[in-house]
Amino acid sequence: MRLTEVTLRHLKMRMKAPFTTSFGSFQDKEFILLEAKDEQGNIGWGESVAFDTPWYNEETFKTNWHMLEDYLIPALLNKEIEHPDEVSALFSAYRKNNMAKSTVEGAVWDIFAKRQGITLAEALGGKNDKIEVGISIGIQETVEDLMQLIERYVSEGYKRMKIKIKPGWDVDVIRQVRERFPNIPLMADANSAYRLTDIDHLKQLDEFNLMMIEQPLASDDIVDHAKLQREMKTPVCLDESIHSLEDTRKALELGSCKIINIKIGRVGGLTEAKKIHDYCMERDIPVWCGGMLESGIGRAHNVAITTLDNFILPGDTAGSSRYWEKDIITPEVVVNDGYIYIPEEPGIGYKPDMETIKQFTVNEKRYC
Ligand SMILES: O=C(O)CCC(=O)C1=CC=C[C@@H](O)[C@@H]1C(=O)O
Ligand SMILES: [Mg+2]
C-alpha cells in the first residue's frame with residue numbers, strides 16, 4: 001500500500017452550545033480533516049483532535065498542520081508499507097506531536113481496512129457489533145442547568161454521566177447530583193485542576209460512589225497521582241498524563257491509576273491505542289475511549305476502537321447531534337438507548353458528506 005495523494009482541510013464548525021472545562025470554554029471548533037488516497041484509488045480519512053488553543057495539551061490545529069505538511073506527509077507519501085503499524089516507525093524520528101501523527105495514521109488504517117473490504121473495527125480486531133456510550137457534561141452556569149442536562153441524557157439512555165469539576169464546582173455539586181440521582185453511573189473529570197495538597201478535599205468525593213475521578217492532578221504527573229490513589233477509595237483514571245504504552249506501563253507500575261482513558265490522538269494513533277488496550281487487558285485494567293468533541297470522522301475512529309474487548313466502561317463518544325446541528329458524515333453517529341451500532345461498510349463505515357465539508361472548509365491544500 002502506498003499513499004499517492006493527501007489533502008488537508010482546515011474546518012471551522014460551531015457547536016450547539018459552549019463546552020466548559022476547568023481550563024476554559026469554547027464553542028467554535030477549528031480542526032483539520034485529512035483525506036488520503038492510495039495507488040488503487042482508495043480513500044481514507046483522518047481527523048486531528050488538536051484544539052485551536054494549547055490548553056488540553058501543547059498541540060493546536062496549526063502546529064498539526066505544520067507537522068503534517070513539513071514532516072509527516074513527506075515521510076509517508078509514496079512509501080510502500082504493508083501495514084498501518086509501520087507508520088509510527090516512519091515517524092519515529094519526530095518527537096511527540098501525537099495528534100498530528102494520529103491524523104494521518106488514522107487515514108492509513110481506514111484505507112487498510114477498505115483494501116480488504118472489512119470494517120475498521122474488524123481490521124483492529126474488534127468483535128463487538130455495538131458499543132456502550134456515556135456522555136461528558138461541561139461545567140454549567142447553575143446546578144439546576146446541570147440537573148436538567150443529566151435528566152435529559154439519562155432519559156436518552158446514555159450509560160454513564162461524566163461531570164466536569166473544578167475548585168468551587170465539585171463536592172457540593174456532586175453531592176446534589178447524587179441526592180437527585182442516587183443510582184446513575186457517575187464520574188468526575190477535573191482536567192488537572194487540583195494539586196496533591198487538595199487531597200483532603202478530594203477524598204470527600206469517596207462518599208459518592210463515583211465510577212472514577214479523571215485526571216485530578218497535573219497533566220504531566222504520575223507520581224502524585226500514585227500518592228493520591230493510595231489514599232482515595234475512588235478509582236483514579238488518567239487522561240492527559242498518558243501519551244504512550246510506556247507511560248501506561250509506568251503509571252500502572254507506580255499505582256497512579258486503576259483505569260485508563262484512551263484517546264487515539266493523544267497516544268499518536270490507533271496502533272498505539274491498541275497496544276495500550278492490550279497491555280491493560282492483560283492486567284485487568286479497564287479502559288474506555290475518551291472524546292475530543294470530534295466531528296463525525298474522529299467519532300467514527302472512536303467507535304471502531306471501542307469494539308475491542310477491554311473497552312469495558314462506556315466512553316465519551318456521544319451521538320453526532322450532541323454537538324452538531326449537522327455532522328459531516330452520513331449517516332450521522334446515532335445513539336440508541338445508550339448504544340452505537342457499528343456500521344457495516346468497509347473502513348470507518350460512515351461516508352464523508354462532501355457538500356457539508358465544503359461548507360465548513362476555511363482552507364485546503366493538496367500534496368502529491
Ligand atoms: O464529548 C466529548 O467529546 C468529550 C468531551 C470531554 O470531556 C473533553 C473534551 C476535550 C477536552 C477535555 O475537556 C475533555 C476530557 O478531558 O476528556
Ligand atoms: Mg478528560
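In which loop is the place of Asn-209? Select the loop between helix H7 (199–203) and strand S8 (213–214), and Asn-209 is there; helices (H or I, at least four residues) and strands (E, at least two) are DSSP runs, numbered from the N terminus. Phi of Asn-209 is near 50 degrees, a positive value in a residue other than glycine.

The model is predicted: local features need pLDDT of at least 70, side-chain atom pairs count only at pLDDT 80 or more, and totals for chains, interfaces and linings use all residues. Residues are numbered from 1 along each chain as written, chains are lettered from A and ligands numbered from 1 in written order, and side-chain values use heavy atoms, without hydrogens or water.

Next, select Pro-331, in the loop between strand S12 (329–330) and strand S13 (339–341). The peptide bond joining Thr-330 to Pro-331 is cis, with omega about -15 degrees.

Now select ligand 1 and the 19 residues around it; Ser-136, Asn-191, Lys-263, Leu-293 and Tyr-323 come nearest. A residue counts as near if one of its heavy atoms lies within 4 Å. Strand S1 (3–21) and strand S6 (161–164) each supply at least two residues of this shell. Colour domain 1 (3–117 + 352–367) and domain 2 (123–351): both give residues to the shell, so ligand 1 lies between them. The domain bounds come from an automatic or database domain assignment.

Then show polar contacts (pairs of N or O atoms within 3.5 Å). A polar side-chain atom of Lys-162 lies 3.0 Å from an oxygen atom of ligand 1. For Lys-164, a side-chain N or O atom is 3.0 Å from a ligand 1 oxygen. At Met-292, a polar backbone atom is 3.3 Å from an oxygen of ligand 1.

How values were computed:
Polar contact = N/O pair within 3.5 Å; in protein donor to acceptor, adjacent residues only side chain to side chain.
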